[in-house]
Amino acid sequence: MEKKQKLICLKCNVEMEKMDVQFTYLDRSFHHKVLRCPKCGQVSLPEDLVSGRISEVEKLMEDK
Amino acid sequence: MEKYYSQFETCRQHEKPYCTDECPFHLDVLDFQKKMESGRWNAAYKTYKTAVGFPEIAAELCPEYCAQVCPRKDIDDSVQLHLLEKACLSLATRKNPPDFNLPMKKGKIGIIGGGISGLSCALRLSSKKYQVTVFEKNDTIDSSLSISMKNDIERQFKFEEYTLKLNTEITNLESLNFDAIYIATGKNGSDFNINKTANMNGCAYFTGGALLGLDTIHSMAFGLDIAWSIEVFLKTKTLKSVQPQPLSKVATDISHVEIIQAVIPSNKDGFTEEEAKKEAARCIRCKCDACRVNCDLTTFTNKWPLKMRDEIISSTLSSGSLLHKTPAIRLINSCSQCGLCSETCPSHIQLDTMIKEARYSLHKQCKTPGAFHQFWLNDMNFSNSEYASLAKAPSSQGECKQAFFPGCYLGGANPEYVLAPYRQLLKENPNTGILLQCCSIPANWAGNEKMLNKELDQLRNNWISMGKPELITACSSCTKHLNEYLPEIPVVSLYEVLASKNCSGEKIIGTWSVFDPCSARHFKKTQESVRTLISNSDISTEEFHDGAKHGCCGFGGQGSIANPDFADYMGKQRSLLNKNPYIVYCINCKEVFLDQGKPVKHILDILYNIEDKKPTETERRKNKIILKETLLNEFFGEKMKNKPEENKYELLISQTMQEKMDKLKLLESDVCKVLEVGEELGRKTFNAEDNTYKCYGELGHITCWVEYKIKDDLYEIINLYTHRMKIKLEEMWNGKKAEINLP
């Protein structure tokens, strides 16, 4: 599970919010709600999401 | 890929075992024994009954032809199938045939002779609901049968409708009106002038059984075969008889079969349940499983090569459809390319070569995930860059007769591995050149034809510019690769050269085993030379049970990024070959065994007293630069002109983070590239709770995230992780143009 962290985008100095982000891998697109800067759109992915769901989807795509 | 597809026609995976081949009924012995071993008596009975028709009669008369061909006869004793058949009959509880309420079929069949062959044919056809009439001249069916055998006949016909005409002697065929007639009149009986088969006026005639001189058991089997021929005739109006099957080509390796003496029944009635299970377990289940025994990939994935072939073909077919399946991409990129599968296959099916072709095909179609081979290709590019490669000879013309070609990994592990033997080679021949570069095998393993050709050209040109010297190689993979792709280059192993000079090292205590790398499996001279060097050093050794016939340590094929679990599996399997510490002569093998916690020494450790640990990936790059710099300085009195730029940030990396970086195949320079995104572009986040920054950057096919703290000018790495998915950023965000291009 994603940890609830208060993250600040240092470019815009605003708090990151959970928003939809598009991902692509092996010609497929996915979207997921992750922390994002509401001003500049910068994204932050936590490690548990990367080593969990993202890694799972990558494996699924590679073995499809 | 088609040429590899057709090779599989000779695959012996589905060949029958020898016993099934020999059995007149072609009993599926593998299935029967499996059921007997697990005590499923009723299931075993069903298998047996399906094959023989009348199980009590067959079990009573079985002459056990299979015992003559059972491979166990050369080990201890043949499996006692006859006793197992009897045990099956006495232990099975559901022996009645099934009762199906099916309508009768149109075909009318006449059988002349109520002997065992005619009755077998009648049983098979009546159970398929054909209208069968049996003519017997005497007042009883086969008078030679015992009461229990007659009971068996009664039981098997219990639910079948057929007409038995006793005391009816047929003297001419014209009086009969059938679609097919089986003449089984027994020894010295009349064949009505029919020579085996005939088709007259739309009626098929077959002769068989004792009339043709067959013994009882073969007559039974013949009757069942004729039932098949009659059914074919009724359906197609063609005369076909069961053809003798070609002899089984099953190839069973009995070298590992344990000696287990035959079970002797404790009482005269035959086996008890436990005895039957034990005897059935003695069956070695003859089948061709050379690939499953020898190839790690088939064992690890639990797939037979025929299945792999289909998945590989499906994955390499070109199709733009999103529905197109590519199930073998990981499998193709996992194979170590050690070649043991094709060498041990009795039909020499080249699964490894097919997989290599598949890698080229997938790369061409951009189907290979870039991250699978990116690290290795970058490493090759670095080894062949101006910072790490060198092609030089001591003579003023720059040409030489011999040049040392250590490969790129040896110097990366420790520059001394190259410097020490080069010093010795120069002592023997002062004009020995040095050709320091990667042999280009990573491009081959990645299936990247363009890159392979480019690197091979560079290597060929360097070799030509040095006066086409004989290359003294220290790595068997390089040797194998050069032999295949640049056969014009003469190659000799470093260990052969050193052994010919009677080199030796310091003695080490204990008994050691020499682990030959898979790439040196056929380099007998190299294998012998390494053993000579060890024996010169007075070290006690013990050979492996299978010699050099073992798979790869897990490094070959560079599949550890595509399938880390499989690479680890191979490493584990090889480190368990025996309990002795190993002496290796491939640096990759050494590093794999170090990771597995197996005590190991490289032959060069012994010869030159080098004691070293496995470097980090960053140290490996640094070692390559140090090696080139030292070579230039020590042997040619030159200074290195260009060096890669120093890292922009000074990093503070804990041991845990260092291990994680190596596992993720990240270099310090990679981390600095990511930090640059945060620090130079300002694209970073801040977590006030633990006072850490986080930023990310794309490193080719992977995206790397770094969490860090800044202490004065030091960047302390708190955490890092990577993924292969790309983050898609919008060019316009809230009406403003956003930066999406990361370095």
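Predicted model: local features only at pLDDT ≥ 70, side-chain atom pairs only at ≥ 80, totals over all residues.
Two strands are taken to pair if DSSP finds at least two bridges between them.

The β4(A)-β5(A) pair belongs to an open sheet of four strands, ordered β5(A)-β4(A)-β3(A)-β21(B), in which the pairing is antiparallel.

The contact between the chains draws on 30 residues from chain A and 29 residues from chain B. On the side of chain A that touches chain B, two or more residues each are given by β1 (7-9), β3 (17-25), β5 (43-44) and α1 (47-62) of chain A. The most comes from α1(A), with seven residues. By class, the residues on this side of chain A are 14 nonpolar, eight polar and eight charged.

Chain B is divided into five parts: domain 1 (18-95 + 251-282), domain 2 (108-236), domain 3 (289-368), domain 4 (378-630) and domain 5 (650-737). Between domain 4 and domain 5 of chain B, the C-alpha centres are 35 Å apart. Contact between domain 4 and domain 5 of chain B involves five residues of each. The side of domain 4 of chain B that touches domain 5 of chain B consists of one nonpolar, two polar and two charged residues.

The secondary structure of chain B amounts to 30 helices and 23 strands. Its radius of gyration is 36 Å, well over the 27 Å that the globule rule gives for 743 residues, so chain B is more spread out than a compact globule. The C-alpha trace of chain B spans about 110 × 75 × 50 Å along its principal axes. Buried residues make up 45% of the 743 residues of chain B. Among the contacts in chain B with a separation of 6 or more, 70% are between residues 24 or more positions apart.

Chain B also contains an open sheet of five strands with mixed pairing, in the order β7-β9-β8-β10-β11. Here β7 (390-392) and β11 (491-493) of chain B stand at the edges with a single partner strand each, so one side of each has no neighbour in the sheet. On average, neighbouring strands of this sheet are turned by 30° against each other, direction ignored. Strand β10 (residues 470-473) of chain B pairs with β11(B) in the parallel sense over three bridges. The bridge partner of B:L471 in β11(B) is B:V491. Helix α22 (residues 476-485) of chain B packs on the sheet and touches β8 (402-405), β10 and β11 of chain B. The direction of α22 of chain B makes about 165° with that of β11(B).

Key:
Residues numbered from 1 in each chain as written. Chains lettered and ligands numbered in written order. Contact = placed C-beta atoms within 7 Å. Nonpolar A, V, L, I, M, F, W, Y, C, P; charged D, E, K, R; others polar. Domains from an automatic or database assignment. Rg over C-alpha atoms; globule rule 2.2 N^0.38 Å. Buried ≥ 20, exposed ≤ 12 C-beta atoms within 10 Å, placed from the backbone. Axes fitted to C-alpha atoms, helices over the stretch in contact; angles between N-to-C directions.
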